[in-house]
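The points are grouped by topic.

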Amino acid sequence: MAELPADKKFFENLSGAGKAIGVLTSGGDAQGMNAAVRAVVRMGIYVEAKVYFIYEGYQGMVDGGDNIVEVSWESVSSILQVGGTVIGSARCKEFRTREGRLKAAFNLIQRGITNLCVIGGDGSLTGANLFREEWSGLLEELAQSGKIEEEAVKKYVYLNIVGMVGSIDNDFCGTDMTIGTDSALHRIIEVVDAIMTTAQSHQRTFVLEVMGRHCGYLALVSALACGADWVFIPEYPPEEGWEDQMCVKLSENRARKKRLNIIIVAEGAIDSHNKPITSEKVKDLVVQQLGFDTRVTILGHVQRGGTPSAFDRILASRMGVEAVLALLEATPDTPACVVSLSGNQAVRLPLMECVQMTQEVQKAMDERKFCEAVRLRGRSFENNLNTYKLLSHRKPDTELPKDDLSCSTNFNVAVLNVGAPAAGMNAAVRSAVRVGITEGHSMFAVIDGFEGFANGQIKEISWGDVGGWTGQGGSLLGTKRTLPAKYLEKIADQMRTNNINALMVIGGFEAYESCLQLAEARARFEEFCIPICVLPATISNNVPGTDLSIGADTALNAIVETCDRIKQSASGTKRRVFIIETMGGYCGYLANMGGLAAGADAAYIFEEKFDIRELQANVEHLTEKMKTSIQRGLVLRNENSNENYTTDFIYQLYSEEGKGVFDCRKNVLGHMQQGGAPSPFDRNFGTKISAKAVQWISKKLRETYRRGKVFANTEDSVCLLGMRRRNLLFQPVVELKDQADFVHRIPKEQWWLKLRPLMKILAKYKTSYDVSDSGQLEHVARHSPKEAETGAI
């Protein structure tokens with residue numbers, strides 16, 4: 001094996017031999033908890049620790065007996081796609097007493113468990129921390145009463161705790177997303193999409209009540225994702241006189257031929273006097289003041305149910321592995337920590353700092369300091385709220401001065417889509433048009449990309465034209481892969497004719513390359529000396545300068561859903577291996593992350609070279625697997641992973657080598673991955689980054705407007721807006737050239753390759769996992785309002 005770099009830290013040096021880990025789920029259930037349990041069990045066994053299920057949460061720990069069971073690798077097979085928690089969850093009053101905790105400590109000591117992984121909400125995690133603080137005292141007490149030996153007190157002197165937050169409400173400070181939130185949003189959006197069709201048929205108003213007694217995240221994000229007319233959340237009560245304002249807005253929308261109105265109410269919504277705003281109250285108001293046909297739908301526990309989304313499975317798997325690493329690295333001085341998500345990074349934070357900040361939010365709300373409550377919720381929540389405010393208040397035309405260009409008004413901004421269609425493009429266009437109009441610009445839509453631009457397919461687009469676009473898949477503007485290079489003169493003519501002062505290009509690698517060509521053509525064509533912004537939108541997630549692209553999440557969900565069905569089809573026929581081909585060009589993102597989310601045994605990608613020996617090793621691995629109780633296999637292959645080892649070749653090889661042990665089936669997913677309604681993540685991501693891009697364009701227009709015209713000729717006036725680690729950044733396209741592999745149309749470095757070993761570990765392969773980034777306990781960031789403007793999604 002090649003020598004490993006000295007600055008790298010690999011988890012192979014961390015052994016779990018002689019350690020015992022207990023895993024429990026507590027409090028309300030959330031989709032993705034099973035993925036976290038699976039990751040903890042398999043990672044624990046991988047590092048040679050003993051792992052125990054603690055059934056029924058703290059109740060099982062207090063009751064002991066058959067509630068605490070050692071588990072094997074196979075114990076967590078086929079649970080990745082199951083909602084809720086297979087090990088059960090229960091509220092436990094007894095654990096709140098010292099007597100109950102004494103029983104729990106005794107039951108853990110009997111099995112040598114001194115490492116606990118707790119998956120639950122802030123109440124469950126606070127209980128775990130108290131248990132840890134009392135641990136040595138509890139052992140002393142057990143020894144004095146003769147229940148355990150003095151030796152045991154010395155041997156098991158410390159209890160290590162690592163938490164993961166499982167809560168659909170996303171109400172825990174310190175993490176951008178909690179396990180289960182994304183899946184709950186999927187349930188809400190499925191219902192909203194279904195309601196929209198019936199409401200449009202009858203010109204109805206629907207009032208939807210979603211969960212969130214203390215936190216409005218679900219209501220806020222679902223309002224953004226479906227373009228709701230109004231939203232009520234606990235952290236942002238409406239101003240005095242909201243009743244009249246809401247009714248005026250609803251009737252204006254109806255007058256503009258909008259056939260449905262949607263109002264979303266969080267169950268804990270309040271007014272500025274701390275009085276509840278209920279869905280019934282909102283309905284009665286609309287009926288009495290406007291006489292609209294109005295219906296109430298209370299989603300209730302539907303939001304907790306169903307299969308976990310791809311996002312939640314990946315998040316929970318990453319957190320589960322990180323939790324085991326944190327337990328292995330814990331020392332007596334390490335405070336109890338919680339594994340959190342910041343941007344796209346797993347981080348460790350002191351548990352009690354997070355709990356304290358979460359409690360401060362409630363305190364701020366009780367004291368009616370709502371701005372403070374929003375700030376404490378974190379950057380992600382604050383950015384969502386700011387985007388909602390931007391999009392929800394249409395300025396009357398009379399407010400827009402038409403003559404004063406220095407106020408950032410009356411500039412002409414064009415929007416177009418380039419490359420293959422991606423779900424979420426329409427949400428981004430809608431957001432750009434509406435924020436642009438709010439900022440005072442005239443917005444122009446270009447049909448069919450740069451080819452349409454050259455042919456003059458450009459028209460002004462109004463606020464109402466983009467109504468209902470967030471939930472539409474594909475590209476309503478039309479999109480082509482054509483690059484502008486061969487049409488530069490014609491495009492420059494059209495820009496001059498239509499007096500285009502700024503350009504927003506939404507698309508994949510072609511969109512990036514197009515803007516690079518426009519930047520390089522500025523010396524020949526003054527028309528391109530304007531602010532230009534690229535928004536990455538492609539299912540392949542192969543754009544340089546960003547970790548995530550609009551559309552990739554929807555494609556991942558399509559892949560995972562299909563893999564679930566395919567695996568299920570094998571439940572009747574044992575010993576079957578499925579080989580599935582995914583899209584992505586030369587980028588292995590979909591194959592790799594789809595493999596992690598679907599529980600694949602292998603994923604072949606272009607970025608990691610493989611040969612016949614590796615294929616043979618995979619066949620042997622699956623042959624061994626068929627001897628266990630898990631008698632099926634799943635193998636993913638990126639479409640361009642290798643020109644000789646095609647999907648057909650791999651299928652034939654596996655079929656031949658597996659004869660008598662397993663049989664094979666293959667499936668090419670094809671364009672199904674590009675279609676369908678956008679996922680909540682893609683609707684929200686597209687909406688937010690597009691709003692941010694328009695604000696950047698406005699700023700650049702103000703900066704570059706001189707003597708009656710816009711002239712922008714610096715590198716930083718042609719930028720790509722991408723998410724890098726934890727922040728959204730505007731990066732000059734010229735600077736990103738060195739980071740791009742133009743032949744294979746992928747970035748030279750890709751963050752998700754670091755997660756590749758996780759899939760292998762969870763499929764029982766020996767591998768190397770670089771943990772240089774983890775292991776550092778951070779502190780909860782209390783950001784300033786300025787930070788929220790530049791922060792993560």
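What is the volume of the largest cavity? In this predicted model, the largest cavity has a volume of about 430 Å³. The structure holds two cavities of 30 Å³ or more, and a search of the whole structure finds 37 salt bridges.

**Largest cavity**

- The lining of the largest cavity comprises 29 residues, and those lying nearest its centre are Phe311, Leu341, Gly343, Leu548 and Phe681.
- Two or more lining residues come from each of helix 6 (181-202), helix 7 (217-226), helix 10 (310-329), helix 18 (552-569), helix 19 (589-598) and helix 22 (680-704).
- Helix 22 gives the most to this lining, with five residues.
- By class, the lining of the largest cavity divides into 19 nonpolar, five polar and five charged residues.

**Second largest cavity**

- At least two of the residues lining the second largest cavity are supplied by helix 19, and at least two by helix 23 (756-762).
- The lining of the second largest cavity has five nonpolar residues, two polar residues and one charged residue.

**Salt bridges**

- Glu141 and Arg98 form a salt bridge through their side chains, with an N to O distance of 3.1 Å. This pair links distant parts of the chain, with Glu141 in helix 4 (residues 122-144) and Arg98 in helix 3 (residues 98-110), 43 residues apart.
- Glu141 is partly exposed because its relative accessible area is 29%; Arg98 is likewise partly exposed, with a relative accessible area of 35%.
- Asp293 forms a salt bridge with Arg295, in which the closest N and O atoms are 2.5 Å apart.
- Asp293 has a relative accessible area of 31% and is therefore partly exposed, and Arg295 is partly exposed with a value of 36%.
- A salt bridge of 2.9 Å (N to O) brings together the side chains of Arg613 and Asp611. Arg613 counts as exposed because its relative accessibility is 62%, whereas Asp611, at 29%, counts as partly exposed.

- Asn618 is placed in helix 20 (residues 612-625).
- Asn618 counts as buried because its relative accessibility is 4%, and the cut-off for buried is under 20%.
- The side chains of Asn618 and Tyr765 are joined by a polar contact of 3.1 Å.
- When residues up to four places away in sequence are not counted, Asn618 touches Ala602, Tyr604, Tyr654 and Tyr765.

**Met43 in helix 1**

- Met43 belongs to helix 1 (residues 33-46).
- With a relative accessibility of 0%, Met43 counts as buried.
- Met43 and Gly28 are separated by 15 residues in sequence and by 25 Å in space, C-alpha to C-alpha.

Notes. Residues are numbered from 1 along each chain as its sequence is written. This is a predicted model: local features need pLDDT of at least 70, side-chain atom pairs count only at pLDDT 80 or more; totals for chains, interfaces and linings use all residues. Side-chain values use heavy atoms; hydrogens and water are left out. Helices (H or I, at least four residues) and strands (E, at least two) are DSSP runs, numbered from the N terminus. Buried means under 20% relative accessible area, exposed over 50%, partly exposed in between (1.4 Å probe, protein chains only). A polar contact is a pair of N or O atoms within 3.5 Å; within protein, one must be able to donate a hydrogen and the other to accept it, and residues adjacent in sequence count only if both atoms are side-chain atoms. Contact means heavy atoms within 4.5 Å. On a 1 Å grid over the protein atoms alone, a cavity is a set of points where a 1.4 Å probe fits but cannot get out, and a pocket is an open set with protein on both sides within 12 Å along at least five of seven lines; lining residues have an atom within 4 Å of a point. Grid points are joined across faces, edges and corners, and a volume is the space filled by probe spheres set on the points. Ala, Val, Leu, Ile, Met, Phe, Trp, Tyr, Cys and Pro count as nonpolar, Asp, Glu, Lys and Arg as charged, and the others, Gly among them, as polar. A salt bridge is a side-chain nitrogen of Lys or Arg within 4 Å of a carboxyl oxygen of Asp or Glu.
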